[in-house]
Amino acid sequence: MHPALADHINPGCVDLVERLMTCHTENSWARFFGKCNALSEALNRCLGDEFEVRRKKQLVEARTRRSQVEAKWAEQREDDRQHE
């Protein structure tokens, strides 16, 4: 089972999602015997790839924010030392 998929979150996988849903609709019983497995596996790979891209982007953003916060902390410590 896949989580709820949103087009704006997984734009590269929209075609696979639609093809898998069509396969499930057209093969209501055969899907239980592996008829749609190839599409499902392709969708899993696509979702994994998109997740990895988002994870790397978020990591870069988090590191940038962290360095900004640490710079502000260092500035605050310096101000505190000057006022002692």
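Leaving aside neighbours within four places in sequence, Asn10 is in contact (heavy atoms within 4.5 Å) with Leu5, Leu47, Glu50 and Arg54. The structure is a predicted model, in which local features need pLDDT of at least 70, side-chain atom pairs count only at pLDDT 80 or more, and totals for chains, interfaces and linings use all residues. Residues are numbered from 1 along each chain as its sequence is written, and side-chain values use heavy atoms, with hydrogens and water left out.

Asn10 belongs to the segment before α1 (14-26). Helices are DSSP runs of H or I with at least four residues, numbered from the N terminus. From its first C-alpha to its last, α1, with 13 residues, reaches 18 Å, close to the 18 Å expected at 1.5 Å a residue; the expected span is 1.5 Å times one less than the number of residues.

| Residue | Relative accessibility | Class |
|---|---|---|
| Asn10 | 8% | buried |
| Ser28 | 40% | partly exposed |
| Trp29 | 65% | exposed |

Ser28 lies in the loop between α1 and α2, and Trp29 is placed in the loop between α1 and α2 as well. Ser28 and Glu61 are 33 residues apart in sequence and 44 Å apart in space, C-alpha to C-alpha.

How values were computed:
Helices (H or I, at least four residues) and strands (E, at least two) are DSSP runs, numbered from the N terminus. Buried means under 20% relative accessible area, exposed over 50%, partly exposed in between (1.4 Å probe, protein chains only).
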